[in-house]
Amino acid sequence: MDRYLIAELLPPFLFGVGLFSSVAVTIGTLFDLMRKISDAGLAPAIAMKIFLLQLPYFVAFALPASMLLATLITYSRLSSDSELIALRSFGIHIYRLLMPAVCLGIVVTGTCFWLNEFVVPAAKYEATQTLQIALNRQQKDFQESNIIYPEYNKVTQPDGRRKEVMTRLFYAEEFDGERMRGLTVLERSRSGVNGIVVSESAVWNQAQNTWDFYNGTTYLVAPDGSYQHIMRFEHQQLQLPRAPLDFARRGRDYAEMNIVQALEELKLISLSNDSKKIRKLEIRIHQKIALPFSCLIFGLVGSILGIRPQRTNKATGFGISVLIIFAYYLLMTLGDVFGLGGILPPEIAAWLPNIFGITMGSWLLWRLAR
């Protein structure tokens with residue numbers, strides 16, 4: 001029975017992967033590349049390379065939809081042909097009939113996670129770089145001017161309360177990828193600014209894990225705002241974190257990072273206390289885990305909808321699949337809105353479509369089992 005059900009599930013699943021991937025890549029990439037070939041003179045060979053590099057991204061998004069389509073069509077066909085009634089007449093429980101779909105959903109979930117973690121980020125980054133080089137629009141991978149990096153920490157107030165305040169402000173006028181110029185660093189404590197460093201230039205010393213500042217002045221500030229000490233220097237090493245350097249070097253887009261890279265980016269921007277960026281990145285990290293699990297949820301929901309006594313042809317099954325997929329991505333958008341707005345925690349916002357799907361699937365399964 002398991003071999004028979006898996007054999008019935010695989011053809012519509014592969015058909016769904018091809019169909020949804022083709023539609024998504026055509027709308028998302030192919031039309032844009034064809035326009036660049038005709039308008040910007042992009043070489044067809046380069047366009048084909050970019051097309052192939054973008055393909056894993058759309059295949060990963062097509063896997064959950066394909067799982068839904070396969071289970072819905074297969075179990076609907078088995079139900080309409082009374083094959084499920086024949087199987088249940090032998091005493092096979094409804095839960096046992098769903099096991100092949102669940103097992104296939106677990107395999108597809110693992111495949112989707114592997115694609116999103118190890119293939120898609122590298123492929124999308126390579127596609128972006130290839131397109132920019134081909135069009136002579138390659139952007140520098142660092143911010144060239146006006147680098148502002150604040151750091152926040154909790155400081156004990158005179159009344160004993162701990163309050164999060166800015167403890168350091170790092171500013172550089174220019175950056176060439178290695179050396180920063182026109183620097184001003186403010187050090188703050190509970191009483192206010194207690195130190196200022198103004199320097200002509202600075203570089204990060206990788207060997208000693210410090211900053212080398214050149215041709216500058218150090219000001220020590222008293223609590224009343226007067227200067228306690230002023231010292232000129234030609235070269236001075238300061239034990240500051242390298243976070244401003246990492247911040248100045250532009251990172252990848254969210255879709256071009258795997259979970260490890262995204263966690264490193266989160267650790268970096270957490271020091272800047274930019275709550276909106278932090279929440280957005282936390283949502284994206286949780287979505288990288290939630291999206292593969294939607295394959296299993298879609299497989300369960302599709303099986304339950306298909307196993308109900310009804311007659312559903314392939315066209316109807318495709319239509320129902322499109323509606324459910326639309327509802328899923330609508331909930332994903334709402335989760336983004338609620339998460340970025342601070343209404344929902346990032347983990348709940350990212351898992352909102354899956355929570356709704358597993359709740360609906362469990363309720364339908366409970367009714368069907370009765």
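Predicted model: local features only at pLDDT ≥ 70, side-chain atom pairs only at ≥ 80, totals over all residues.
Let me begin with the core. The largest nonpolar core holds 44 residues, and among these L63, Y75 and I307 touch the most other members. Two or more residues are given to this core by each of helix 1 (2-39), helix 2 (44-80), helix 3 (83-89), helix 4 (94-134), helix 7 (275-307), helix 8 (314-340) and helix 9 (346-369), with helix 2 supplying the largest share, twelve residues.

If we stay with Y75 for a moment and set aside residues up to four places away in sequence, this tyrosine touches L5, L9, L84, L97, L98, P100, A101, S303, G306 and I307. There is also a second, separate core, which has 21 residues, including F142, I147, Y149 and A248.

Turning to the helix pair, the axes of helix 7 and helix 9 come within 7 Å and cross at roughly 15°; because angles under 35 degrees count as roughly parallel, these two helices are roughly parallel to each other. Their crossing is left-handed, and the contact between helix 7 and helix 9 comprises 19 nonpolar, six polar and three charged residues.

Finally, I would like to look at A123, which lies in helix 4. Is A123 buried or exposed? Its relative accessibility is 8%, so A123 counts as buried, the cut-off being under 20%. Apart from neighbours within four places in sequence, A123 is in contact with L53 and P56, whereas A123 and L78, 45 residues apart in sequence, are 39 Å apart in space, C-alpha to C-alpha.

Technical notes:
Residues numbered from 1 in each chain as written. Heavy atoms only, no water. Core = buried A, V, L, I, M, F, W, Y, C linked by side-chain atoms within 4.5 Å. Buried < 20%, exposed > 50% of the residue type's maximum accessible area, 1.4 Å probe, protein only. Helix = DSSP H or I, 4+ residues; strand = E, 2+ residues; numbered from the N terminus. Contact = heavy atoms within 4.5 Å. Axes fitted to C-alpha atoms, helices over the stretch in contact; angles between N-to-C directions. Parallel < 35°, antiparallel > 145°, perpendicular 65-115°, else oblique. Left-handed = near helix turned anticlockwise from the far one by under 90°. Nonpolar A, V, L, I, M, F, W, Y, C, P; charged D, E, K, R; others polar.
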